[in-house]
Amino acid sequence: MADALTRLGDAVESFARPGARLRISGAVTEVFPSHFRVEGLSPFLRLDDCVLLEESGRAFHGQVIRIDRRGALVKSFESNAGVGLGARVTLQGPIEIAPHQSWKGRVLDALAQPIDNKGPLTLGARRRLDRSPPSPMARARVGDPAPTGVAAIDAFTPLCRGQRLGVFAGSGVGKSTLLSMMTRSASFDAVVICLVGERGREVRDFLDETLGESASNAVIVVSTGDESPMTRRLAPLTATAVAEYFRDGGQSVLLIMDSVTRYAHALREIALSAGEPPAANGFAPSVFADIPRLLERAGPGLKGGGSITAIFSVLVDGDNHNDPIADCIRGTLDGHIVLEREIAEQGRYPAINILKSISRLADRVWRAEDRETIETARSLVARFEDTRDLRLLGGYQPGADAELDRAVRLTPLIYESLKQSAHASARRDAIAQIRAIISNANA
C-alpha cells in the first residue's frame, strides 16, 4: 500500500502547484507551540515543501521539516496561535521566486513579496530557492580586483570578483556600518543585501541613512528578529537566489548578508523542532551541513558568465571568535575581516584588526611593491602592539631599539591613514599613502 501511494505521489507531484486544478490536502492532528502535525499528505511530500493552512477564513504558509509514516511536521512562517485540529492543509510544492531586473531598488520580505509600498513586482522566470552551486570544474576562476573604497580592506584584505569574505565581530562594533560602506563600491553591476534577525527600527535606519543613494542599485531582503525562524531561515536563500539570477545574466553581483549567525540560530531552532539531537553548543549536525551549502552558492559562475562577490557578517557570541559557527564559516570562506571592540573603544573606525584579518586571494591583487609595503606595515604594527604593555609600564626607552622606535613613530600614522567615517567618499589610494608614510620615515 505504501509503495502504491508513493507512486501515486510521484505521478501527481507536477500538478501540486499553486493554481493547479488538482489539490492534495490533509488535516492538522496535533498542534505544538513551535509546529504542528499533518496527516494525509505524507506520501506526496518532500522535505522543505510548502503547504497552505486554511482555518476559519485565515490562510498562511508553512514548510515541511520532517516526514514519517504517521504524518508530517510542519513549521509555519507565522505564529501557530489560532490553529485548531482538523484545519485543512494543502500541498503547494517547493518554494519558488521569479526575480527580474526591475527588482533593483526594492525591499522584499523572505518570500520575495514587496514591503516598500511601491506597488507589485514585475516577475521573471521562476526559480527554486534550493538550487545547487555550479560544478567546481564548470566554474570560472576568481576574477579581477574589486575595490571596495574602504582603505583598510583594499590595502590589507583586498577583494577579487567572485571572492567570499567574512566579517567577524561582536555586537555594536560597527559591523553593519562597514557593510554599508562596501555597498557604495562602483565595482559591481548589482547589489543584493540580506538583513536577517535585525531590529525592526534598524532596518529603516539602514535603508534611509546608511545606504542612502546606493539603495537604488540594491535588492534588499529583510527578515526582522521578531519573525519566525522559518522566515529567518528563508531570507538568505531568497537573497542568494536573487543574486544568482543577476549572476546568470552575466552581471557582477555584490551579495551582503548580515548575519549568517542569526541564520544559524534559525536553523538550530528548526532542527531541534524536527527532533534532531543537539551537538556543538546546542547546534544540530544539519546546521553545519546547511551553512557551507549556502555559502558555496556564492562565488564565480559558469565560465564566461557573471560572479557573486559575497560578504558574510558573523556575529560572534560573547566576542568569542572560536565558537563552532564562526569556525565553520571561517573554514569555508576565502578570507576574513576581524573587528574588535578594543579598537572601536579607541575611536578608530572601521575597527579592523589588520593583524588578524586575511584575504586568501590577496596575491592576485597586490603587485610586488604593494606586497612589500603591506608586509612592512604589518611588521611595524605587530611590533607596536606586542610592546604596548611594556610601553604603558614605562619600560620603553627611546633610542635603545631602532626598530621599535620606528614602529612607535610610524604605527599611529598608519592607523590614522586607515580611519574612515561611514559617509566619507571612497578611497582609492590606501597602499600609496602607507608607502609614502614608510618612505618619508626612511628619507
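Mentor: Contact here means heavy atoms within 4.5 Å. This is a predicted model, where local features need pLDDT of at least 70, side-chain atom pairs count only at pLDDT 80 or more, and totals for chains, interfaces and linings use all residues. Residues are numbered from 1 along each chain as its sequence is written, and side-chain values use heavy atoms, with hydrogens and water left out.

Take helix H8, residues 324–332 (helices, H or I, of at least four residues and strands, E, of at least two are DSSP runs, numbered from the N terminus). Its buried residues are Ile325, Ala326, Cys328, Ile329, Arg330 and Thr332 (buried: under 20% relative accessible area, with a 1.4 Å probe and protein chains only). Several elements cover them. Among the strands are E10 (164–169), E15 (307–315) and E16 (335–338). Helices H6 (260–273) and H7 (287–295) also take part in covering H8.

Now the start of H8. There, a side-chain oxygen of Asp323 comes within 3.0 Å of the backbone nitrogen of Ile325.

Buried in H7 are Val287, Asp290, Ile291, Leu294 and Leu295. These residues lie on the same side of H7, because they cover an arc of only 125° around the axis (taken from the directions from the helix axis to the C-beta atoms). The buried residues of H7 pack against H8. Their other partners are strands E10, E13 (252–258) and E15, along with helices H5 (229–248) and H6.

Technical notes: Buried means under 20% relative accessible area, exposed over 50%, partly exposed in between (1.4 Å probe, protein chains only). A polar contact is a pair of N or O atoms within 3.5 Å; within protein, one must be able to donate a hydrogen and the other to accept it, and residues adjacent in sequence count only if both atoms are side-chain atoms.
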